[in-house]
Amino acid sequence: MVPPQWYLLLAAAVFCIGVFGVLTRRNALIFLMSVELMLNAANINLVYFSQYWGNVTGQTFSLFTLALAAAEVAIGIGIILVLYRNFDDVDVTKAVTMRW
Amino acid sequence: MSRPELQSDISYTKGLAALALFVVMAAVVFAADFGPAQGFPSDANVTESIGYAMFNLDLGSVPAEGFLVAFLLIAVVLDVALDGALYLAKRENEDDETLTALIADGGRTLRRTVADDGVDGDETHGDAADDGGDR
């Protein structure tokens, strides 16, 4: 079995790529993708430690996380659609007013 | 307007925070000690056990907690998300409500044609829907 350190390192790398995307990018769609990367980094840990400890709780929980990610994307795409309609752009730095 | 191209005018200095976070995480991970691995039994049916765990049934060959409440909560959350997405995607103007179901271009073309030409002049969308859509 691969030592847990390598899986944790992989998860940390995926999570940090997501953080990097959130911090540096301005496109709302890439924001959404970056948040998905961060969520899936948690899933890597859940699935690995489920196998490590011989308990399927982690794998079951990761399924729920995937469902939650789907719900998040549904709302996120809707918000991006409204953003595009109102500001003619999906640049998150353009939307600086609550009313327009 | 944002196009599918890599932005070159962004500041990468904020991204250094992510790099620093990775270094801290890597240091913590390699310093940590995880006990001996247990793993699943060789004859365990993991998929079956996950299915049982979702419905609080204690029939699986691998131990797990019950997730029935979480299962129902996620079902409600997905339903609310679907309704929310539809609410957000719905156009606020009432006069072009009939066109909303036909067009999925983000709204730009619709706004231009309705404002400039009127609803009757918007024939391109109708053709496109007739060509490819099963309405």
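How much area is buried between chain A and chain B, and what percentage of it do carbon and sulfur atoms give?

## The buried area

About 4400 Å² is buried between chain A and chain B, with 69% of this coming from carbon and sulfur atoms. Buried area is the accessible area (1.4 Å probe) that two parts lose on being put together, summed over both. Val56(A), Phe64(A) and Arg85(A) supply 15% of the area that chain A buries against chain B, more than any other three residues.

## About this model

This is a predicted model, where local features need pLDDT of at least 70 and side-chain atom pairs count only at pLDDT 80 or more, while totals for chains, interfaces and linings use all residues. Residues are numbered from 1 along each chain as its sequence is written, chains are lettered from A and ligands numbered from 1 in the order in which they are written, and side-chain values use heavy atoms, leaving out hydrogens and water.

## Who takes part

The contact (heavy atoms within 4.5 Å) takes 47 residues from chain A and 51 residues from chain B. Now for the bonds across it: the rule finds zero salt bridges between chain A and chain B, a salt bridge being a side-chain nitrogen of Lys or Arg within 4 Å of a carboxyl oxygen of Asp or Glu.

## How confident is the prediction?

The model scores ipTM 0.86 and pTM 0.76. Chain B averages a pLDDT (the predictor's confidence in each residue, from 0 to 100) of 76, and 64% of the residues score at least 70. Over residues 121-135 of chain B the pLDDT is below 50, yet this stretch has 13 contacts in the model beyond near neighbours in sequence.
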